[in-house]
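Reader: I'd like to learn how to read a structure like this one, feature by feature. Could you walk me through it?

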Amino acid sequence: MAAIKKTVSQKKKSHSWRMCPQGEHWVSDHPLRVPISEKNPSGITIRDGHCHGNRSKKDQIYPDEIHKISEKYFGRVKKLPTPDKLDRPNGNDYDKIIAGWTKYWNEILEPKISLDPNLVKTLIRTESDFKEKSKVLARKGNWAHGLMQVTDETIEILKNEKGELKDFLINIDQKEAVEPNLNICAGIRWLFHKKYLLENKLKRNVSWEEAAMEYKSYTTGLKKGEKNAIEQRDKFLEIYKRLKK
């Protein structure tokens with residue numbers, strides 16, 4: 001009996017908010033050099049926005065599309081963080097962005113237990129105190145930027161198609177990383193990856209609270225019983241509990 005030929009599977013369906021199929025990314029309108037002509041005496045025309053394939057076939061998202069998604073869809077997201085300013089004047093300013101990217105990454109990465117937007121809000125409160133322009137030296141040559149303190153090293157990992165991320169990459173640079181919408185999109189993606197790495201290291205499922213401690217680099221300190229790590233964990237859990245009430 002002849003073997004049945006296997007057909008090439010179609011591309012995975014992209015998230016409904018995305019502008020391109022999976023494995024492609026959106027390129028916004030941009031100048032394009034063309035032969036000088038009567039129609040284009042300057043030799044420059046504007047190419048309309050379009051989808052462009054990624055060499056690796058991995059999913060990539062760039063700043064223009066990140067902004068388009070938030071502008072179009074985040075106003076409709078229902079599951080927002082608790083409207084508690086957490087004793088800061090701008091504590092509720094980023095709730096829609098938090099809710100939107102939490103929903104997006106939950107739907108893309110499909111964790112067994114969904115990430116709670118309140119945990120992300122707690123992470124922002126304890127990482128940057130809701131300061132958009134926050135910039136801290138994580139270690140020599142590696143700066144942490146913005147609301148979720150996304151580091152230079154993380155930014156490079158998130159965009160590297162040949163790196164440790166299997167798929168669903170984010171292509172932003174250090175200057176763009178302080179912008180709240182881009183920062184939170186990247187920070188939540190990195191939180192998912194830190195959870196994945198910790199689970200592989202410990203050979204068990206870990207909670208989102210544990211993932212947050214790994215994101216904040218307190219896992220080793222907690223294991224050693226270091227006072228600062230314990231205090232920071234307790235502070236985090238206290239704020240998270242307040243938001244969940």
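Author: Happy to. Let's begin with a term we will need throughout: a residue is buried when its relative accessible area is under 20%, exposed when over 50%, and partly exposed in between. Please keep in mind that this is a predicted model.

Reader: Then let me try the scale. Is Asp-129 buried, exposed or partly exposed?

Author: Asp-129 has a relative accessible area of 21%, so it is partly exposed. Its salt-bridge partner is Arg-125, with the closest N and O atoms 3.0 Å apart. Arg-125 is buried, at 11%.

Reader: How should I read a salt bridge in general, and how many does the structure hold?

Author: The general idea is that side chains of opposite charge can pair when their charged atoms come close. The cut-off here is 4 Å between a side-chain nitrogen of Lys or Arg and a carboxyl oxygen of Asp or Glu. The structure holds 14 such salt bridges.

Reader: Which parts of the chain does the salt bridge of Arg-242 and Asp-84 tie together?

Author: The closest N and O atoms of Arg-242 and Asp-84 are 2.9 Å apart. Arg-242 belongs to helix 8 (residues 227-244), while Asp-84 sits in the loop between helix 1 (63-73) and helix 2 (95-109), so the bridge ties together parts that are 158 residues apart in sequence.

Reader: Which residues are linked in a network of salt bridges?

Author: Arg-18, Asp-59 and Glu-65 are linked in that way.

Reader: Let's turn to helix packing. At what angle do helix 3 and helix 8 cross?

Author: When reading a crossing, look at the distance between the axes, the angle, the handedness and the residues in contact. The axes of helix 3 and helix 8 come within 9 Å and cross at roughly 135 degrees. That angle makes helix 3 oblique to helix 8. The crossing is right-handed.

Reader: Which residues make the contact of helix 3 with helix 8?

Author: Helix 3 contributes Asn-118, Leu-119, Lys-121, Thr-122, Leu-123, Arg-125 and Thr-126, and helix 8 contributes Phe-236, Ile-239, Tyr-240 and Leu-243. By class, the residues of this contact are six nonpolar, three polar and two charged.

Reader: How do helix 2 and helix 5 cross?

Author: Their axes come within 9 Å, at roughly 40 degrees, with helix 5 covering residues 180-202. This crossing is right-handed. On the helix 2 side, the contact has Ile-97, Ile-98, Trp-101, Thr-102, Trp-105, Asn-106 and Leu-109. They meet Pro-180, Asn-181, Ile-184, Cys-185, Ile-188, Arg-189 and Phe-192 of helix 5. The classes here are ten nonpolar, three polar and one charged.

Reader: How many residues of helix 6 are buried?

Author: Six of its eight residues are buried, so helix 6 is largely enclosed by the rest of the structure. The buried ones are Trp-208, Ala-211, Ala-212, Met-213, Glu-214 and Tyr-215. The elements that cover them include helix 3, strand 8 (150-151), helix 5, helix 7 and helix 8.

Reader: Last topic, the backbone. Which residue with a positive phi follows helix 6?

Author: That is Ser-217, with phi near 65 degrees. Leu-86, which is not a glycine, also has a positive phi, near 55 degrees. Leu-86 is placed in the loop between helix 1 and helix 2.

Reader: And is Leu-86 buried or exposed?

Author: Leu-86 is buried, with a relative accessible area of 3%. Now take Lys-203, in the loop between helix 5 and helix 6. Its phi is positive too, about 60 degrees, and Lys-203 is exposed at 70%.

Definitions and conventions
Residues are numbered from 1 along each chain as its sequence is written. This is a predicted model: local features need pLDDT of at least 70, side-chain atom pairs count only at pLDDT 80 or more; totals for chains, interfaces and linings use all residues. Side-chain values use heavy atoms; hydrogens and water are left out. Helices (H or I, at least four residues) and strands (E, at least two) are DSSP runs, numbered from the N terminus. Buried means under 20% relative accessible area, exposed over 50%, partly exposed in between (1.4 Å probe, protein chains only). Axes are lines fitted to C-alpha atoms, for helices over the stretch in contact, and angles run from 0 to 180 degrees between N-to-C directions. Angles under 35 degrees count as roughly parallel, over 145 as roughly antiparallel, 65 to 115 as roughly perpendicular and the rest as oblique. A crossing is left-handed if the near helix is turned anticlockwise from the far one by less than a right angle, and right-handed if clockwise. Contact means heavy atoms within 4.5 Å. Ala, Val, Leu, Ile, Met, Phe, Trp, Tyr, Cys and Pro count as nonpolar, Asp, Glu, Lys and Arg as charged, and the others, Gly among them, as polar.
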